[in-house]
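Dear colleague,

I am handing over the structure below for your review. My findings follow it.

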Amino acid sequence: MPDLRADGDGITLRVRVRPRAARTALAGWREGALVVRLTAPPVEGRANQALARFLGGLLDVAPSAVTVVRGASGRDKLVHVSGLTVEAARARLAAAEGVP
């Protein structure tokens, strides 16, 4: 499971992005980071926007609640999600992965 931490009004999590993938999807987790494949290219912030939309849908929050705190121009990112608890995030990620 990814390393999730309570942070102010939400949570932070580490994400490893793989841009220009065949389809947007979760690819599991690695070394405490959630691995996400995105079809968007890593130019002009498009991958970050796609990541916000994808994580927002996955975690059942608005895309505007997802903010890249660190790593905006790299593949390894620290993401803040507002309005979500660690427990709720773990449950939603487990459901997305198909884990009971």
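Which residue forms a salt bridge with aspartate 3? The partner is arginine 5, and the closest N and O atoms of the two are 3.0 Å apart. Please note that the model is a predicted one. Aspartate 3 is partly exposed because its relative accessibility is 29%, which lies between the cut-offs of 20% and 50%. Arginine 5, at 52% relative accessibility, counts as exposed.

The structure holds 2 salt bridges. The other joins the side chains of arginine 16 and aspartate 76, again with 3.0 Å from N to O. This pair links distant parts of the chain, since arginine 16 lies in strand β2 and aspartate 76 in strand β6, 60 residues apart. Arginine 16 is partly exposed, its relative accessible area being 30%.

The largest nonpolar core comprises 27 residues, among which Leu55 and Val81 touch the most other members. Two or more residues of this core come from each of β2 (10-18), β4 (33-37), α1 (46-59), β6 (76-82) and α2 (86-97). The greatest contribution is that of α1, with 8 residues. Leaving aside residues up to four places away in sequence, valine 81 touches Gly10, Ile11, Leu13, Leu59, Val61, Ala65 and Val66. In soluble globular proteins, nonpolar side chains tend to be buried together.

With 14 residues, α1 spans 20 Å from its first C-alpha to its last, close to the 20 Å expected at 1.5 Å a residue. Of these 14 residues, 10 are buried, so the helix is largely enclosed by the rest of the structure. The buried residues are Ala47, Asn48, Ala50, Leu51, Ala52, Phe54, Leu55, Gly56, Leu58 and Leu59. They pack against β2, β3 (25-30), β4, β5 (66-70), β6 and α2. Just after α1, aspartate 60 has a positive phi of about 60°.

With kind regards

How values were computed:
Residues numbered from 1 in each chain as written. Predicted model: local features only at pLDDT ≥ 70, side-chain atom pairs only at ≥ 80, totals over all residues. Heavy atoms only, no water. Core = buried A, V, L, I, M, F, W, Y, C linked by side-chain atoms within 4.5 Å. Buried < 20%, exposed > 50% of the residue type's maximum accessible area, 1.4 Å probe, protein only. Helix = DSSP H or I, 4+ residues; strand = E, 2+ residues; numbered from the N terminus. Contact = heavy atoms within 4.5 Å. Salt bridge = Lys/Arg side-chain N within 4 Å of Asp/Glu carboxyl O. Expected span 1.5 Å × (residues − 1).
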